[in-house]
Amino acid sequence: MMELSTRYMGRNLRNPLVASASPLSSDLDGVRRLADAGVGAVVLYSLFEEQLRREADENARLAAAGTESFAESLSYFPGTAGTDHGPRRYLNLLERAVDAVPVPVIASINGSTPGSWAGYARSMQDCGAAAIELNIYYLPGDSHASGRDVEQRHFDILAGVKAAVSVPVAVKLSPFFSATAEMARRLDLAGADGLVLFNRFLQPDIDIETLSVAPGTSLSRSGEARLPMTWIALLHGRIDASLAATTGVEGSKELIKYLLAGADVVMTASALLRHGPDYAAVMLDGLSRWMRHQGYDSVDEFRGLLAVPIGADEAEHGRGGYVDMLRRANSADTGWW
Ligand SMILES: Cc1cc2nc3c(=O)[nH]c(=O)nc-3n(C[C@H](O)[C@H](O)[C@H](O)COP(=O)(O)O)c2cc1C
């Protein structure tokens, strides 16, 4: 009997494939389809700090006006009042999803500045969220912001969410720190129960015909898995927080590679958007077939097999691979080395 079960932030999951935050989890039917396809857990799409601040402002305004008018407050979110993608709809969906599916449902909250909005994580917990995924999406474009300021911002936001909840909190973070491993270790020490590596930043393109900036919203490709995989291999076994891989999972191959690098769970969004939620079953089948072929009975037998060995000089390891690769590439036609 093949054992796919996995632990993520202290919880048992039936397998390590997790549906990442995306529009696929924006309604109950979508969440059901993901669970039916066999994923180990579902992360709901994100509620944004901006939405939460607006809701808090509106609640304060209603309180000051002495009214509890629900209809009036619903109309507050411009452009979303009809369909209401705001906090109330989110919590309602979360509550129904938790009741409807047999796998943990993780709520996602997305912010970039510390503030009381983080307290909304408590409402997510109250609605049954198994954990909170805190997406800190911040691009430090301000040239006066120092690296330490940017890092401190992460710790302050995390502290706000941790203070609000008792369920585990995962931090989805950027790959762009001067010292990613140190940042991961300090987030771990600051109480992050999981690290989701990494946020995929929007990178707009330029259209040279229309002379306009085109939004960079394409789905990922497998080559993009290399960056998170490199860091997961370097962090595996070195911190207590669980490691979740996200980006570039096109099929079961990348799922397996991430597990070999040391991921506790592997998240997927683009592949499910491209092929439909049922594709999760195809990926899991690919994992089981590969395990059978390799003679593995459980995921734990091979997780982290290709991580950077504990005791290795991590900096030397990274530098050595780089120098070797360039030496081989260059020696073929230039003889420089
Ligand atoms: C259309 C779309 C919507 C997304 N929405 C969210 C979101 O609300 N919150 C979040 O944390 N990530 C969001 N993501 C990022 C994904 O969860 C995931 O981390 C990223 O796409 C990389 O994984 P992939 O290569 O499997 O797509 C979104 C991605 C896509 C493509």
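How are H9 and H11 oriented to each other: roughly parallel, roughly perpendicular or oblique? In this predicted model, H9 and H11 are oblique to each other. Welcome to a short tour, which starts with that helix pair and then visits Glu55 and Phe155.

**Helices H9 and H11**
- Helix H9 covers residues 252-261 and helix H11 covers residues 279-294; their axes come within 8 Å and cross at roughly 60 degrees.
- The crossing of the two helices, H9 and H11, is right-handed.
- On the H9 side, the contact is made by Ser252, Leu255, Ile256, Leu259 and Leu260, while H11 brings in Met283, Gly286, Leu287 and Trp290.
- Sorted by class, the contact of H9 with H11 has 7 nonpolar and 2 polar residues, and no charged ones.

**Glu55 in helix H2**
- Glu55 sits in helix H2, which spans residues 49-65.
- Its relative accessible area is 8%, so Glu55 is buried, the cut-off being under 20%.
- The side chain of Glu55 is joined to that of Arg88 by a polar contact of 3.3 Å.

**Phe155 in helix H6**
- Phe155 belongs to helix H6, residues 147-164.
- With a relative accessible area of 11%, Phe155 is buried as well.
- Leaving aside residues up to four places away in sequence, Phe155 touches Met183, Arg186, Leu187 and Ala190.
- Phe155 and Ala60 are 95 residues apart along the chain, and 27 Å separates their C-alpha atoms.

Note on methods:
Residues are numbered from 1 along each chain as its sequence is written. This is a predicted model: local features need pLDDT of at least 70, side-chain atom pairs count only at pLDDT 80 or more; totals for chains, interfaces and linings use all residues. Side-chain values use heavy atoms; hydrogens and water are left out. Helices (H or I, at least four residues) and strands (E, at least two) are DSSP runs, numbered from the N terminus. Buried means under 20% relative accessible area, exposed over 50%, partly exposed in between (1.4 Å probe, protein chains only). A polar contact is a pair of N or O atoms within 3.5 Å; within protein, one must be able to donate a hydrogen and the other to accept it, and residues adjacent in sequence count only if both atoms are side-chain atoms. Axes are lines fitted to C-alpha atoms, for helices over the stretch in contact, and angles run from 0 to 180 degrees between N-to-C directions. Angles under 35 degrees count as roughly parallel, over 145 as roughly antiparallel, 65 to 115 as roughly perpendicular and the rest as oblique. A crossing is left-handed if the near helix is turned anticlockwise from the far one by less than a right angle, and right-handed if clockwise. Contact means heavy atoms within 4.5 Å. Ala, Val, Leu, Ile, Met, Phe, Trp, Tyr, Cys and Pro count as nonpolar, Asp, Glu, Lys and Arg as charged, and the others, Gly among them, as polar.
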